[in-house]
Amino acid sequence: DVGHGLRLSSRLDGAFQSARGSLVTPQNQAYFVIKSYALFDLHMRLDRGTAWQLAIDVDNLTGQFAQLSGRAEDSNLVKTIAPARPRTIAVSLTYRR
């Protein structure tokens, strides 16, 4: 409780992925390494009983570029990377009568 019937809660989520190689052997010219990364999300809620709730959610709190996956596309060794979402902020207000 923060006073005046208000309650504040927060949560920090984190995920770490170590570096890993692609699915082919290191001797294959299509081999590449996906770098390690750590991502954090922050969630905060301020509410007044059941009357209303203000929520703020921040995904990828540090705005880090993270390679979630990757693959060699074709014989020309074109590599595609699937990145994590950029920092994203969502604010919501819920009012109950």
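Which side chains meet R7 and D47 in a salt bridge, and at what N to O distance? The side chains of R7 and D47 meet each other, at 3.0 Å from N to O, where a salt bridge is a side-chain nitrogen of Lys or Arg within 4 Å of a carboxyl oxygen of Asp or Glu. By this rule the count comes to 4 salt bridges. The model is predicted, with local features needing pLDDT of at least 70 and side-chain atom pairs counting only at pLDDT 80 or more, while totals for chains, interfaces and linings use all residues. Residues are numbered from 1 along each chain as its sequence is written, and side-chain values use heavy atoms, with hydrogens and water left out.

**R7 and D47**
- The pair links distant parts of the chain, 40 residues apart, with R7 in strand β1 (residues 7-17) and D47 in strand β4 (residues 37-48); strands (E, at least two residues) are DSSP runs numbered from the N terminus.
- R7 is partly exposed at a relative accessible area of 46%, whereas D47 is buried at 6%; buried means under 20% relative accessible area, exposed over 50%, and partly exposed in between (1.4 Å probe, protein chains only).

**R11 and D13**
- A salt bridge also joins the side chains of R11 and D13, at 3.0 Å from N to O.
- R11 is partly exposed at 48% relative accessibility, and D13 is likewise partly exposed, at 27%.

**D59 and R85**
- The side chains of D59 and R85 form a salt bridge at 3.9 Å, N to O.
- D59 lies in strand β5 (residues 52-59) and R85 in the loop between β7 (79-83) and β8 (88-95), so this pair ties together parts that are 26 residues apart in sequence.
- D59 is partly exposed at 23% relative accessibility, while R85 is exposed, with a relative accessible area of 53%.

Technical notes. Helix = DSSP H or I, 4+ residues; strand = E, 2+ residues; numbered from the N terminus.
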